[in-house]
Amino acid sequence: PRDLRSRFDPEDVIQSTFLAAFEHIKEFEYRGDGSFRAWLRRILDNSLRDGIKHHCRAKRSPSLEKSVEHEGADPLADRRSGRPEELAGEAEDVRRLRLAVLRLPADLREIVELRVDQGWTFGDIAEQLCCSPTTIRRRVQTALDHIQHDLGHAAAG
């Protein structure tokens, strides 16, 4: 909704989506071109939907605002079982994702590391690299496409 747009910083939403995807990469199933992007989009949509629901509830009950601030921003956290074999699988998936990031061209890897590891905004990265935030967003999308392709080949092979 238009009246909620000021409540959600697009850069924060994207960053939380990347973090959730990174933490739950084991749940990704390659189903052809575009499947990684669709999976990320689903995480993004669920995160936004949860944020909107929270905001609507907070209007009715101001005490909810404080309690939700301390909740994790991880929309998939309740799916973790903590079983050793699943933790080992998660560790392997994280290792595969990190390798895929390391195989990115240096310019794309730098942007991903600044965005995800350092938490920089698109504007901060754009200023550092002397380009526009739109260019950075496009390069992040290109990096995601590379990662999707890399993980897709690893899953198929």
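Reader: Over which residues does pLDDT stay under 50, and how many contacts beyond four places in sequence does the model have for them?

Author: This is a predicted model, and pLDDT stays under 50 over residues 60–80, for which the model has 22 contacts beyond four places in sequence. Across the protein chain the mean pLDDT is 75, and 71% of the residues reach 70 or more.

Reader: What does the largest nonpolar core contain, and which residues have the most contacts inside it?

Author: The general idea is that, in soluble globular proteins, nonpolar side chains tend to be buried together. Here the largest nonpolar core has 26 residues, and Phe-36, Trp-39 and Ile-147 are those with the most contacts inside it. At least two residues of this core are supplied by each of H1, H2 (35–60), H4 (84–102), H5 (106–117), H6 (122–129) and H7, while H7 gives the largest share, six residues. Leaving aside neighbours within four places in sequence, Trp-39 is in contact with Ala-21, His-24, Ile-25, Glu-27 and Phe-28.

Reader: Is Leu-144 buried or exposed, and which residues does Leu-144 touch?

Author: Leu-144, found in helix H7 (residues 133–156), counts as buried because its relative accessibility is 13%, and the cut-off for buried is under 20%. Not counting residues up to four places away in sequence, Leu-144 touches Phe-18, Phe-36 and Leu-40. Leu-144 and Val-101 are 43 residues apart in sequence, and their C-alpha atoms are 9.1 Å apart in space.

Reader: Which residues of H1 are buried, and how far apart are its end C-alpha atoms?

Author: An α-helix has 3.6 residues a turn, so residues three or four places apart point the same way. The buried residues of H1 are Glu-11, Val-13, Gln-15, Ser-16, Thr-17, Phe-18, Ala-20 and Ala-21. Thr-17 lies in this helix, which covers residues 10–23, and counts as buried because its relative accessibility is 5%. Not counting residues up to four places away in sequence, Thr-17 touches Leu-40, Ile-43 and Leu-44. As for length, the 14 residues of H1 should span 20 Å at 1.5 Å a residue, and the end C-alpha atoms are 20 Å apart, which agrees.

Technical notes
Residues numbered from 1 in each chain as written. Predicted model: local features only at pLDDT ≥ 70, side-chain atom pairs only at ≥ 80, totals over all residues. Heavy atoms only, no water. Helix = DSSP H or I, 4+ residues; strand = E, 2+ residues; numbered from the N terminus. Buried < 20%, exposed > 50% of the residue type's maximum accessible area, 1.4 Å probe, protein only. Contact = heavy atoms within 4.5 Å. Expected span 1.5 Å × (residues − 1). pLDDT = per-residue confidence, 0-100. Core = buried A, V, L, I, M, F, W, Y, C linked by side-chain atoms within 4.5 Å.
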